[in-house]
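Welcome, and please open the structure in your viewer. We will go from one selection to the next, looking at what surrounds each.

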Amino acid sequence: MALVTTLRRLVQNSLREYSRKASAVTWPTKQRSFSIGTQPLRSDNKVTVNFINRDGEKITVKGLPGDSLLDVVINEDLDFDGFGACEGTLACSTCHLIFDEEMYKKLGPITDEEMDMLDLAYGLTDTSRLGCQICLTKSLEGMVARVPESVADIRQTKDGSS
Amino acid sequence: FSGCGKASLSSCSPKVCIVGSGPAGFYTAQHLIKVDIYERLPVPFGLVRFGVAPDHPEVKNVINTFTQTAKHSRCSFYGNVNVGKNVSITELQQAYHAVVLSYGAEGNRSMGVPGEDLAGVYSAKDFVGWYNGLPSCRELSPDLSCETAVILGQGNVALDVARILLSPIDILKKTDITQPTLEALAESQVRRVLIVGRRGPIQIACTIKELREMVNLPDTRPDMVAADFDGVKEALKDLPRPRKRLTELMLKTALEVPGEKEQERRSKASRTWGFRFFRSPVEVLAEPGHSRIAGIRLAINKLEGSGDGAQAVLTGEVEDVPCGLVVSSIGYKSLPIDPSVPFDSRKAIVPNTMGRVKQAAGLYCSGWLKTGPTGVIATTMNNSFDTARSILEDMDSGTLDMSAAKPGSQSISALLEKRGVKPVTFSDWEKIDNVEMKRGESRGKPREKLLTVEEMLHVAWT
């Protein structure tokens with residue numbers, strides 16, 4: 001099991017390294033348009049967001065009130081494979097994020113349209129949401145959002161052999 | 001790492017090519033350092049362009065990320081190259097260290113019933129290709145002069161076909177649906193669409209977004225058979241949330257007495273749609289003395305078991321449904337394009353382990369060719385990332401032999417030139433893209449697609 005996990009991490013790191021090195025374009029890039037809040041760009045206006053990526057690493061970034069979590073991922077150039085494929089139009093479930101119970105309750109109501117797409121997400125939980133539909137407010141300061149796996153990891157078999 | 005690790009990256013530069021420029025091809029390309037993509041048509045993007053329904057433009061947003069990939073210096077697009085005909089897989093393998101097969105599923109499963117070849121019977125693959133401007137489907141010209149259309153299959157493609165048949169023209173004319181299709185639909189007499197499945201409501205293959213679109217389709221009303229839903233309400237509590245919500249919406253649509261406003265809306269509707277369950281096609285019936293369809297004979301089934309694994313079992317009874325149009329939406333199917341590539345004709349996929357083609361070193365596959373023709377774009381995305389991972393693993397481990405330098409596109413381009421085949425570059429495609437968007441502008445459409453390969457090539461090379 002450990003060997004497979006290590007190999008997988010090595011390959012994923014090498015994937016990222018090759019991508020960065022060759023500057024092969026993996027979406028998103030900074031050429032995409034940003035959303036700019038209407039408030040002035042003072043740092044005390046920003047909202048801290050913590051993402052836990054698929055390797056379990058915590059990445060702390062800031063966004064502006066009004067930004068969606070997808071906007072934050074794009075603006076901060078966070079490297080989550082395949083995140084936000086439909087560009088925030090409720091036509092996919094790749095911006096699936098998981099929250100703890102308390103934070104989930106603060107996130108506000110979910111529409112039928114969001115739930116329809118969320119229903120297709122791999123690893124759906126009771127505290128799942130689509131990142132493109134969550135907009136930052138000061139009350140969400142310090143929030144933690146986990147990026148779940150997007151597919152069953154068939155490389156990890158029960159007995160640990162690959 | 002050994003071989004083409006960090007140190008020796010420049011000396012044995014890996015040459016990789018991908019066959020097919022749909023989502024599978026592009027998502028695989030996104031994780032490779034340098035890659036050539038070969039595409040049979042002059043235009044890229046596969047089913048994103050030719051499969052996704054015209055009234056689902058957001059789903060096509062992935063074209064933006066594919067465009068970024070294609071325009072990057074690490075990626076070269078070669079359109080108008082028919083792999084299997086203009087160049088063989090063996091020749092590609094001689095030129096590249098790794099060849100990735102991502103050419104999808106261009107065939108379809110047949111119903112296997114008498115009368116399937118009658119005029120008026122179409123595969124959903126062809127019908128969808130027709131309304132989306134796939135050059136090989138241009139001459140389909142389906143006859144829409146009948147009142148009732150029967151669609152076999154209840155997946156999202158079946159619902160797309162139903163929606164396109166029944167949508168108000170005012171909605172469709174603002175999409176990138178082709179002009180000939182719009183004209184045909186404007187004259188269409190189709191007023192009733194039945195979407196038929198072998199099993200019951202709980203086994204339906206479509207997803208809730210598409211069902212909701214049918215329920216909310218202007219100027220239409222639902223027409224279901226209440227008895228089809230016996231026992232479904234009781235089964236709800238044990239269903240996982242996605243299946244539960246879908247089933248609840250179906251139950252509500254089929255059984256609930258609507259409020260006054262909805263009652264009025266339904267009474268004014270000029271078109272109807274409905275699911276029919278527990279029915280399998282056994283014969284397409286012709287008008288006596290003609291080769292045109294008059295109806296379809298359906299066998300009546302009962303279910304054995306429950307949930308996903310429930311099986312449809314014949315009861316021996318049949319039912320004839322008069323109709324003038326049958327669309328068979330029971331699955332796409334991959335076809336072998338080159339005899340040197342292993343192919344599992346039972347599953348209709350290229351046999352592989354995590355994208356590595358079995359018994360074929362240097363050959364990989366991604367997308368529907370790898371797993372079979374189901375799943376949305378995101379499914380294909382994950383599948384393709386997985387294949388790319390396998391390729392990179394094999395490069396690093398030495399499983400993929402990179403000891404000999406390979407000529408890559410240089411030798412293939414020379415071969416193609418010798419054979420009189422001129423590839424279409426990505427900037428050539430952008431000319432086609434611009435012409436289509438410009439033509440669409442004057443009609444209030446996002447684009448007016450070019451419908452023949454000849455037109456596409458003419459624009460590409462002028």
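The tour starts with chain A and then moves to chain B.

This is a predicted model, in which local features need pLDDT of at least 70 and side-chain atom pairs count only at pLDDT 80 or more, while totals for chains, interfaces and linings use all residues. Residues are numbered from 1 along each chain as its sequence is written, chains are lettered from A and ligands numbered from 1 in the order in which they are written, and side-chain values use heavy atoms, with hydrogens and water left out.

**Chain A**

Select chain A and colour it by secondary structure. Helices (H or I, at least four residues) and strands (E, at least two) are DSSP runs, numbered from the N terminus. Of the 162 residues of chain A, 48% count as buried, that is, under 20% relative accessible area with a 1.4 Å probe and protein chains only; exposed means over 50%, and partly exposed lies in between.

**Strand S1**

Now pick residues 47–52 of chain A, strand S1, where 6 of 6 residues are buried. In a regular strand the side chains alternate between the two faces of the sheet. Here Val47(A), Val49(A) and Phe51(A) are buried on one side, and Thr48(A), Asn50(A) and Ile52(A) on the other.

Look for Val49(A) opposite Val61(A). In the hairpin between these strands, Gly56(A) has a positive phi near 85 degrees.

Next, show S5(A), residues 143–146, which runs parallel to S1(A) with 4 bridges. Asn50(A) stands opposite Val144(A) there.

**Helix H9 of chain B**

Move to residues 208–215 of chain B. Helix H9(B) has 7 of its 8 residues buried, so it is largely enclosed by the rest of the structure. Its cover includes helix H4 (112–118) of chain A, and helix H11 (241–255) and strand S10 (271–276) of chain B are also among the covering elements.

**Annotated positions**

Finally, select Leu47(B) and Ile377(B), which are among the positions that an unreviewed UniProt entry gives as "binding site"; such annotations may be inferred rather than shown by experiment, feature names are shortened, and positions follow the numbering used here. Leu47(B), in helix H2 (residues 46–50), is partly exposed at 32% relative accessibility. Ile377(B), in helix H14 (residues 377–397), is buried at 16%. Leaving aside residues up to four places away in sequence, Ile377(B) touches Pro23(B), Tyr27(B), Val48(B), Val52(B), Val59(B) and Val62(B), where contact means heavy atoms within 4.5 Å.

Key. Two strands pair if DSSP finds at least two bridges between them.
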